[in-house]
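Hi,

Here is the structure I said I'd send over.

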Amino acid sequence: MKIEIIENQKNTIGHCRLPKVPPRVFSPEVHLRRVGLIRVLSSYWTNGTRITYGFLQKTSGQELDVVRKAFADWQGLCGLTFQEVADATQAMVRITFDRQDGSWSYVGRDILDPSIVGKGDPTMNFGWDLSANSYGVTTALHEIGHTLGFPHEHQNPISGIVWNEQAVLDSFSGPPNHWEPEMIQWNILRKLDKSEVGGSRWDKDSIMHYQFDAGLIQEPAEYLRKPLIPPGVISPADKAWVQQFYPPTKPADTQLALLQSQKLALSPGMQADFLFVPDYSRVYTIQTYGASDVVMVLNVKGDKDQWRYLAADDDSGEDRNAKIQRRLLAGNTYQIRVRLYYSDRSGETAIMVS
């Protein structure tokens, strides 16, 4: 399925606009390799996460089905699962259909950060009818891609794109986008830091790539006279990338014993999953040890053996270890997921429950 657009008709479609989030500031003592790994990995979820979504606004059943199908398409490719919930205010992904606000989404785990997104506020919006044509399907896949942690592909610094900046400003400041120069800079002209894309090659067919009219791109020169129009579907490179970060999951079988440390022999980006079943109901401390940057997530097994998110801690870029203190109930099964961003030396990081 390709985007339905007449190539000689310009400015006919809206584009995704990412909300501007202040860049994270690191202490000068955090060296560049460590910063790079944190920037690449910190937007991504721990693999196996069940991400809930809900609709804060009513719209047609056809549009809702487009979004549901897009979630299902991504789920079929990776180790994440998506579940629609009736109370959208309690969902991780909270979706609106405000036609005056364009289409956008926050990126990855930013949606859990209360300093970025207010409790109950939308994390994703669709600004045009998703059921009108195949571009609506493309839009839904694109915005969910952001929620998975993927940035805009046309901002890949390895792409070699040289913009006709004035033409870009003129095009996107007019209909149908009507963006201010700052928004155009943030979503198009700004190149991502090489550390943010992990050295990935440019994929002009990516679902995360905009379409551009002829003449907006000066280099590669072929786009001076013809538009760049991605197919509008999840590309082979998109599939490989999502499976790299979220491969098919295996049930965790390593049980943590109280007051016994377990080594984490992980490389950057890798993940370890553990189970813990407390004998007594009390407040427990789950903590990592060693010079490392990780995100640690605590889930509890609920109805129908589904894992329900309870808490998380991300110690990346800080002089401390990840720690979760929580009252756990005797007989419940808890799952602890640890994804490593960085460690000084492999095998010198551990986890323990006390």
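S103 sits in the loop that runs between strand 3 (93–96) and strand 4 (104–105) (strands are DSSP E runs of at least two residues, helices H or I runs of at least four, numbered from the N terminus). Is S103 buried or exposed? It counts as buried, because its relative accessibility is 0% (buried is under 20% relative accessible area, exposed over 50%, partly exposed in between, with a 1.4 Å probe and protein chains only). Its side chain reaches the backbone nitrogen of G127 at 2.8 Å. Leaving aside neighbours within four places in sequence, S103 is in contact with residues including H15, R17, W128 and E143 (contact means heavy atoms within 4.5 Å).

Before you read on: this is a predicted model, where local features need pLDDT of at least 70 and side-chain atom pairs count only at pLDDT 80 or more, while totals for chains, interfaces and linings use all residues. Residues are numbered from 1 along each chain as its sequence is written, and side-chain values use heavy atoms, without hydrogens and water.

Now helix 7 (residues 236–245), where D238, V242 and F245 are buried. They cover an arc of only 65° around the axis, so they lie on the same side of helix 7 (the arc is taken over the directions from the helix axis to the C-beta atoms). P236 and Q244, on the other side of helix 7, are exposed. Helix 1 (32–41), helix 2 (61–75) and strand 14 (334–343) are among what covers the buried residues.

Cheers

Terms used. A polar contact is a pair of N or O atoms within 3.5 Å; within protein, one must be able to donate a hydrogen and the other to accept it, and residues adjacent in sequence count only if both atoms are side-chain atoms.
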